[in-house]
Amino acid sequence: MKFIFLSIIAIVTLPVFAERAVITLSEGNTISGSLVHERPTSIYVDLGFTVLEIPRASIVGIDMEGTAAGGDVSTVVNHGLFQTLTDRQAMPIGDWVDRYGEAVVLIRTPTGLGSGFVINPDGYLITNDHVIAGEHDISVTVFKQKDNSLERVQFDNVKIVASNPGADLALLKIDLLDNEKLTAVPLGESNDLKQGQSVFAIGAPLGLDRTVSQGIVSNRNRPIDGRVFIQTTTEISPGNSGGPLFNLRGEVVGVNNMKVVAMGAEGLAFAIPANVLKFFLENRDAFAFDPRNPNTGFRYNSPPSAVVNDSSHD
């Protein structure tokens, strides 16, 4: 059995400005506090009531963001259908699950199921195109916290707004009642991801809704079949498709898409980068869904070949 020893030490004077950090340990636990000192073999984190010395050998990932006295100074930036944030602090995964768990939905069709996430309170949500491809009967289940219990709310009037089979993304819209709003998640900057950075997913693997799994970024730019993916060790399974990949600032940095299933292969999951999703949303008119057109979305036929008329005679 492997043990991780965290030494408690006393520091008389702490700096006025310290970087907030969320440290992921090798056993999967996280510690959140202010990073006050670093050494080659360990780091020191102020928890508010004491200071911990954490051996670097026990650390899987560190997510940091500088913060001064006064707490969270996040600024919401609206981009039409979606939002981004500036100066967001990192927090433990459990806190983000409590805040954004309602934004992750279960998507059912007559032939299967998948995951998705709300990007706009008015009922716009994202999933993979392959989750809803060829389907018109789509239902979305939202899990709402109400009176200290979980309430399943199913929406059957769901329409496809835009789809891009090439990027495997789809934009759906739930028909909400007047003044009804949903919890929405902000989108992050996938180009800022670093190898070893902690990420987590929420989804419905094999239909097991509200499942949370954690991992790290293995590679930020992994090319596969002409497309670029975020490679992670986050556990995903069928049913996770279309669900969000979060960083520890509570921002969606990717859309979970696929995993490698092969003998001896472990921890090979892939997500569509958030920047690809932003491009899709900002140009959604180009991918507008038309059920009458079999070539709807990002799908173009080849041009006809040139025909040469030769009227010469022997």
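Me: Which residue is the bridge partner of Arg108 in E12?
Reply: In this predicted model, Arg108 has Ser139 as its bridge partner in E12.

Me: And how many bridges join E9 to E12?
Reply: Three bridges join strand E9, which covers residues 104-109, to strand E12, which covers residues 139-146, and the two run antiparallel.

Me: What sheet do they sit in, and in what order do the strands come?
Reply: They belong to an open sheet of seven strands with antiparallel pairing, in the order E13-E12-E9-E10-E11-E15-E14.

Me: Which strands stand at the edges?
Reply: Those are strand E13 (149-155) and strand E14 (158-164), and each has a single partner strand, so one side of each is left without a neighbour in the sheet. From one strand to the next, the twist averages 30 degrees.

Me: Which strands of this sheet does H3 touch?
Reply: H3 packs on the sheet and touches strand E10 (112-120), strand E11 (124-127), E14 and strand E15 (169-174), with its direction at about 55 degrees to that of E15.

Me: Switching topic, what is the order of strands in the closed barrel?
Reply: The closed barrel has six strands, running E16-E17-E18-E21-E20-E19, and the pairing is antiparallel. Neighbouring strands there are turned by 45 degrees against each other on average, with direction ignored.

Me: Which strands does helix H1 touch there?
Reply: Helix H1 (residues 93-100) packs on this sheet and touches strand E16 (198-203), E17 and strand E19 (244-247), and its direction makes about 35 degrees with that of E16.

How values were computed:
Residues are numbered from 1 along each chain as its sequence is written. This is a predicted model: local features need pLDDT of at least 70, side-chain atom pairs count only at pLDDT 80 or more; totals for chains, interfaces and linings use all residues. Side-chain values use heavy atoms; hydrogens and water are left out. Two strands pair if DSSP finds at least two bridges between them. Helices (H or I, at least four residues) and strands (E, at least two) are DSSP runs, numbered from the N terminus. Axes are lines fitted to C-alpha atoms, for helices over the stretch in contact, and angles run from 0 to 180 degrees between N-to-C directions. Contact means heavy atoms within 4.5 Å.
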